[in-house]
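Keep the structure in view while reading.

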Amino acid sequence: MKNMESFLFVPEGSDFTIWNIPFGVLERKGYTAVCTRIGDVIVDLNQCMATPLFDGLDLPGEIFLQPSLNAFMALGKGVTVPAREQIQAALAKGGILDNDIYKETDIFLPADDVKLRLPIDIGDYTDFYSSREHATNVGTMFRDPANALLPNWLHLPVGYHGRSSSIVMSGTPIRRPNGQTMPDGADRPVFGPSKQLDFELEMAFVIGTGTKLGQTIPVQNAEEHIFGLMLFNDWSARDIQKWEYVPLGPFLAKNFASTISPWVVTLEAIEPFRVAGPGQSPEVLPYLAADGKKNYDIHLSVEIIDADGASKPVSASNFKYMYWNMCQQLAHHTVNGCNVRTGDIMASGTISGPTPDSYGSMLEICWKGTKPVQMPNGTQRTFIQNGDTVRIRGWCSKEGVRIGFGECDGTITAD
Ligand code: MN
C-alpha cells in the first residue's frame, strides 16, 4: 500500500484515513452536496469545484451539488475512480488542498457540525441469503438439522425483492412494528407489537452503472457495476416472519425498516483487502464461476446499547465468510435479463461466522431465545427491547492501514 499521510489530523483508530475517501451527502441550510471525510473533518466536494482539484476530469458543473450520489455514480468508473484518486492526492500532505488559502473556506467542516443524509436515491432493493452459516443455523432451528440447507442453496444465491421506501439513514429511530403472529399452541393469530424484534448484520452494495432490460452482467464484469459498500441492518420481526413467510418469503416482518450507514466505501478503497471466499462444492454452473479473490476481509461488529448508554458487544463477524460473493449475486440477479439501475441496493443477507460469537442475529446468538445475552446492568436480552440501540461497525485493517465504514445505528421506540 502507498505510504500516504493527510495534512488533516486523523485520530488514532479513525475509520476515515487518507486510504478511505468514502462518499456521502451533507445537508446545510437547505443546501446539499456530495462530501468525503478525513478524520473528523468533512470535505465538501462541491466547494472543491472552485479549486484545481478536479482539473482534467471534465466533470459536469453541478455533479456534486446534489441531494444524492446517483448522478456521480452514473458517470461510471472511468470518471469516478480518477476523481476519487484526485481527491485523495489533494488531501495528502503537499496536495492541492494543503494550502492556507483554503483554510477559511466552506471546504472543510467539523464533522460534529454537519448533518449527513441518506447518500443514495435508492431504486430497487434486493436482499440475498448468502451466508452458509446463517442459512444453516436458521434451517436447523426451524426445519431439520439433517437437511438445514434446502436443495437449491448450494447452486444459486437465494434472494428476495425487498422494499426501498423504508431504508433509512443511521440514527433514524425505528418504531417497533405491529403485526399478526401465531402464538405457540394457539389456534388463531393475534395482533400486536412484535415480541421478537431482531437485527440482521449485513453489508449492502450499491449499483453505480445500470443495464438495459434484457442485458446480463457476466460474473467477470460485475465489479464494473458495483460502486461501493455500506453497513446494513435488515431489521426483522421474527414472530411476524414465522407466521407470514410461507410460501412467498418475508413481507411485513422485514419491510418496516432497514438502517444503512452514511458513507459509501468504494471497491477501490478495499481492494488491498481482497481474500478468497470459502470453497464452493458442488461446483457452480459456468455462469456463476468467479475466478480469483472475490471476497473482502472486513471485520464486522454488533453491540446493543441500552437506554442508559451501557454497551454489550454481541457479535464479531467478517464479510469474508460469505459463501456467495457480490459478483455471483449480481450475475445471478441479471442472468434472466432483469435490469439494474444506478442506486439499486443489494444486501448480503445476515453475515454469520462459524462460531456462536460471530453469529449475525439475535435469533442465532440466543438460539431461538434459549441462551439469553447478559447486559451490563444485569438484565437479559433474547431480542431487542424498546430503548435499545443496535450499532453495527465495519473496518478493514492491515499493516497500519485502516479503512472503516462508520456507524450504522438504530434505536427502537415503542409501537
Ligand atoms: Mn436480511
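## Contacts of I305

Leaving aside residues up to four places away in sequence, I305 touches A310, S311, G387, D388, T389 and R391, where contact means heavy atoms within 4.5 Å. I305 belongs to strand β20 (residues 299-305). Helices (H or I, at least four residues) and strands (E, at least two) are DSSP runs, numbered from the N terminus. With a relative accessibility of 12%, I305 counts as buried. Buried means under 20% relative accessible area, exposed over 50%, and partly exposed in between (1.4 Å probe, protein chains only). I305 and D388 are 83 residues apart along the chain, and their C-alpha atoms are separated by 5.6 Å.

The model is predicted: local features need pLDDT of at least 70 and side-chain atom pairs count only at pLDDT 80 or more, while totals for chains, interfaces and linings use all residues. Residues are numbered from 1 along each chain as its sequence is written, and side-chain values use heavy atoms, with hydrogens and water left out.

## The manganese site

Which residues are the protein donors of the manganese ion? They are D127 (OD), E200 (OE), E202 (OE) and D234 (OD), lying 2.1 to 2.2 Å from the ion. Donors are N, O and S atoms within 2.8 Å of the metal (3.2 Å for Na, K and Ca); water is not among the atoms, so sites may look incomplete. Along the sequence, the donor residues follow the spacing D-x72-E-x1-E-x31-D. D127 lies in strand β6 (residues 125-128) and E200 in the loop between β12 (197-198) and β13 (201-207), so this pair ties together parts that are 73 residues apart in sequence. D127 counts as buried at 2% relative accessibility, and E200 counts as buried at 3%.

## The whole protein

The secondary structure comes to seven helices and 26 strands. Helix α3 (residues 132-142) has H134, A135, N137, V138, G139 and M141 as its buried residues, and their cover includes α7 (362-365). Of the 415 residues of the protein, 53% count as buried. Among contacts between residues at least 6 apart in sequence, 72% join residues at least 24 apart.

A compact globule of 415 residues would have a radius of gyration near 22 Å, and the protein agrees with 22 Å. This radius is taken over C-alpha atoms, and the globule rule is 2.2 Å times the number of residues to the power 0.38. Along the principal axes, the C-alpha atoms fill a box of roughly 70 × 55 × 40 Å.

## Backbone details

| Bond | Omega |
|---|---|
| V246 and P247 | about 0° |
| S281 and P282 | about 5° |

P247 is found in the loop between α5 (238-244) and β16 (258-260), and P282 in the loop between β18 (274-275) and β19 (295-296).

I21 is not a glycine, yet has a positive phi of about 50°. D58, also not a glycine, has a positive phi of about 55°. I21 sits in the segment before β1 (24-28), and D58 lies in the loop between β3 (41-44) and α1 (70-73).
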